[in-house]
Structure formats: structure tokens, C-alpha cells
Amino acid sequence: MIKKIELHLHLDGSIREETANEILGKKCNLKAKDKCEDLNEYLEKFEIPSIILQTKENLERVAYELALDLKKDNVIYAEIRFAPLKHLNGGLSLDEVITSVLNGLSKVDIETNLILCMMRNDSFNDNKKVIDLAHKYGFAIDLAGAEAIYKTKDFKELFKYAKSLNVPFTIHAGEADGYESIKAAIDFGASRLGHGIKIIDYPDLINEAKEKGITLEVCPTSNVQTNAVNILKDHPIKKLYDMNVNVCINTDNRTVSNITLEDEYNKLKETFNFTNEDFLKMNLMAIEASFAQDKEKLKTKLRGE
């Protein structure tokens, strides 16, 4: 099993089902259908996790178990994202939310980083709190949620504020929406696009992404489930890779998509004849695009040097 980097991974979409069953005292189905009608149907699977992740104990446990799952998958570095404002219903403070997740991750010998998600359906002031929190702890931010309903262009001022504080960011764009969403994310200064696969339809945006060194955080299984692509063989990852666009492979949500990174690699090998050398190249791209402090150290570890 080769060493891996994962940059697009949601904490709340990666809760073990047996953990959810135990905490709630009932059988929970956290897995999305193999084929949802759209992203919005896929996102319905996050209702139960939002109930669970309201205590320090549950946040710490879920983070710890995710770190264990990553280590088992031979992931050597992961960036784990979540929306901190979603975890305040039980009376926790934002600092307690962050500390609980960090405590869980710290129990496992794996390098991790956090990305704090602003939500498209939240208010300007609430999302501004997320930027301030990321600035306080030295984390990056993301914009997540129903991309086709809440347009990326409407978040210009928030990303302008993030840039003023030197808070790095990635943006979900080009998954459920097309040109305008991707263009806005690029114009805001995103160094990465969450999913971003609809860029394949727009040669001018492909060229701009290449010129600016923007990396696409591709999640193949999830993209099929959300109907961003019809079937895996229609996925543009191979075309984008062959066009020298920076791409990296991710699970998105390990439980909701019922997938590991090793599974993703095997599917891509079978469908597109990717080799381990290709995966090494994409993982090196991932490190370069990561928000990690010591990228050279990670590259050395990835190569096994």
C-alpha cells in the first residue's frame, strides 16, 4: 500500500457508523446512495453527524477514530475540514470545538492540519467568525455547502477579508455549479478548488488554473454519487492530469461515500490505467498545494527517502 496525502476530507462525513450507532443508541445509515439525484440529496447524510458532534467527548472520539482510519489507509498527511459553527448546539465554545478535534487527532502518530469551513447558507457575520477563528489558530478556510443555490461570487467580501489577514483558502467550486463559480473562486485567489471538475468544459479556465498553479481536489467516487459525473469512466481526472493540470485524489467523506483512499486508487487504476508513479506525482502535487508547514519533509517521507 503506497503512502498517500489527503487534502479534501470532511470530519462529519467520516464518522464510523458503529460509533454513531453507539452514541445515539440506534442503527444509523450514514452512507449515501451510489447515485444521488444531486449534491443536495448527498448532503442529507450530514444531518445525523450534526446531532452527534455537539460534545467535546464526541468531537474528540470521532477525530481520533478518523486519524486511526487514515493511518490504516497509509495516509501520511491529511487536512481535515469541518464547519466549527455547526458544533455549538450543545453549548460548546468555538475554542472548545477546535481543542476537542485537535486532542483527538493528536492521539495518533499522523501529521494533520485543519481547514475551517464557512457555509454558503450562513450569514456574513457568522462566516467572518470562521475567518477570525482560522486566523487565531493558523488554519486555512473553505467555503462549503449547496454551491448551485448559494453562488460563489456572493462571497467576494469574505475572501477579501481573509486575504487581508493572510488566511489561506480553498473553495468548493466546479462540483455542482460551472463557469461562474470556478471563475469567481480563481478571481478571489483560491490556491485550490474543492472538486473543480467542471473546469474540463472551459479551456480558458483550464489555462488560467495552470498558469496560477491551482490544484483541483478531486473526489472521484463522491463526484459520481452527487451526479457531477454520470459514471466513473466519464470522470475528467485523466484528461486533466494529461493536460498537466494539478490534481490530487481524495475521498471527500469516507463514510458517506463508503470509500478509502486505497479504494479510490484501485478504482482509478482499473478505469484509467493510472500507475503508482502517477499517484506519486499527484501526491507530490498535493504536498505542494497543501497548507503544511514543512513541505520538503513530507516529500521526503512520501518518497521513502
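**Entry 1: a pair of strands**

I looked up Ile5 and found that Ile5 stands opposite Tyr77 in β2. I note here that this is a predicted model. Next I checked how the two strands run. β1 and strand β2, which covers residues 75–82, pair in the parallel sense. Their pairing extends over 5 bridges. I reminded myself of the background: strands of a sheet pair through backbone hydrogen bonds, either parallel or antiparallel.

**Entry 2: the sheet around that pair**

Then I stepped back to the whole sheet. What is the order of its strands? I read it as β1-β2-β3-β4, an open sheet of 4 strands with parallel pairing. Which strands stand at the edges? They are β1 (4–10) and β4 (140–144). Each has a single partner strand, so one side of each is left without a neighbour in the sheet. On average they are turned by 25 degrees against each other, direction ignored.

I then asked what α6 touches. Helix α6 packs on the sheet and touches β3 (111–119) and β4. The direction of α6 makes about 160 degrees with that of β3.

**Entry 3: α5 against α6**

I stayed with α6 and turned to its contact with α5. Helix α5 spans residues 94–106, and helix α6 spans residues 124–137. Their axes come within 11 Å and cross at roughly 50 degrees. That makes α5 oblique to α6. I noted the hand as well: α5 passes α6 in a right-handed crossing.

Which residues make the contact? From α5 I listed Leu94, Asp95, Ile98 and Thr99. From α6 I listed Leu133, Lys136 and Tyr137. I sorted the residues of this α5 and α6 contact by class: 4 are nonpolar, 1 is polar and 2 are charged.

**Entry 4: two residues of α4**

I picked Ala63, which is found in helix α4 (residues 56–72). Is Ala63 buried or exposed? Its relative accessibility is 0%, so Ala63 counts as buried. I then looked up its contacts, leaving aside neighbours within four places in sequence. Ala63 is in contact with Leu11, Val101, Gly104 and Leu105. I followed up on Leu11. Ala63 and Leu11 are 52 residues apart along the chain, and their C-alpha atoms are separated by 7.1 Å.

Glu57 has a relative accessible area of 58%. The cut-off for exposed is over 50%, so Glu57 is exposed. Glu57 and Arg120 are 63 residues apart along the chain. Their C-alpha atoms are separated by 28 Å.

**Entry 5: another sheet**

I moved on to the sheet that holds β5. This is an open sheet of 4 strands in the order β5-β6-β7-β8, with parallel pairing. The edge strands are β5 (170–173) and β8 (246–249). Each of them has a single partner strand, so one side of each lacks a neighbour in the sheet. Neighbouring strands of this sheet are turned by 30 degrees against each other on average, direction ignored.

I zoomed in on one pair. Strand β6 (residues 192–195) and strand β7 (residues 215–218) pair in the parallel sense over 3 bridges. Where does Gly194 stand? I found Gly194 opposite Glu217 in β7.

Helix α8 takes in residues 179–188 and lies across β5 and β6. I read its angle to β5 as about 170 degrees.

I then compared α8 with helix α9 (residues 203–212). The axes of the two helices come within 11 Å and cross at roughly 20 degrees. Angles under 35 degrees count as roughly parallel, and α8 and α9 are therefore roughly parallel to each other. α8 passes α9 in a left-handed crossing.

The residues of α8 in this contact are Tyr179, Ile182, Lys183, Ile186 and Asp187. Those of α9 are Asp204, Leu205, Glu208 and Lys212. How many of each class did I find? The contact of α8 with α9 has 4 nonpolar, no polar and 5 charged residues.

**Entry 6: a loop residue**

Last, I looked up Thr226. Thr226 is found in the loop between α10 (220–225) and α11 (237–242). Which residues touch Thr226, apart from neighbours within four places in sequence? I wrote down Asp38, Leu39, Tyr42 and Glu175.

Definitions and conventions: Residues numbered from 1 in each chain as written. Predicted model: local features only at pLDDT ≥ 70, side-chain atom pairs only at ≥ 80, totals over all residues. Heavy atoms only, no water. Pairing = 2+ DSSP bridges. Axes fitted to C-alpha atoms, helices over the stretch in contact; angles between N-to-C directions. Contact = heavy atoms within 4.5 Å. Parallel < 35°, antiparallel > 145°, perpendicular 65-115°, else oblique. Left-handed = near helix turned anticlockwise from the far one by under 90°. Nonpolar A, V, L, I, M, F, W, Y, C, P; charged D, E, K, R; others polar. Buried < 20%, exposed > 50% of the residue type's maximum accessible area, 1.4 Å probe, protein only.
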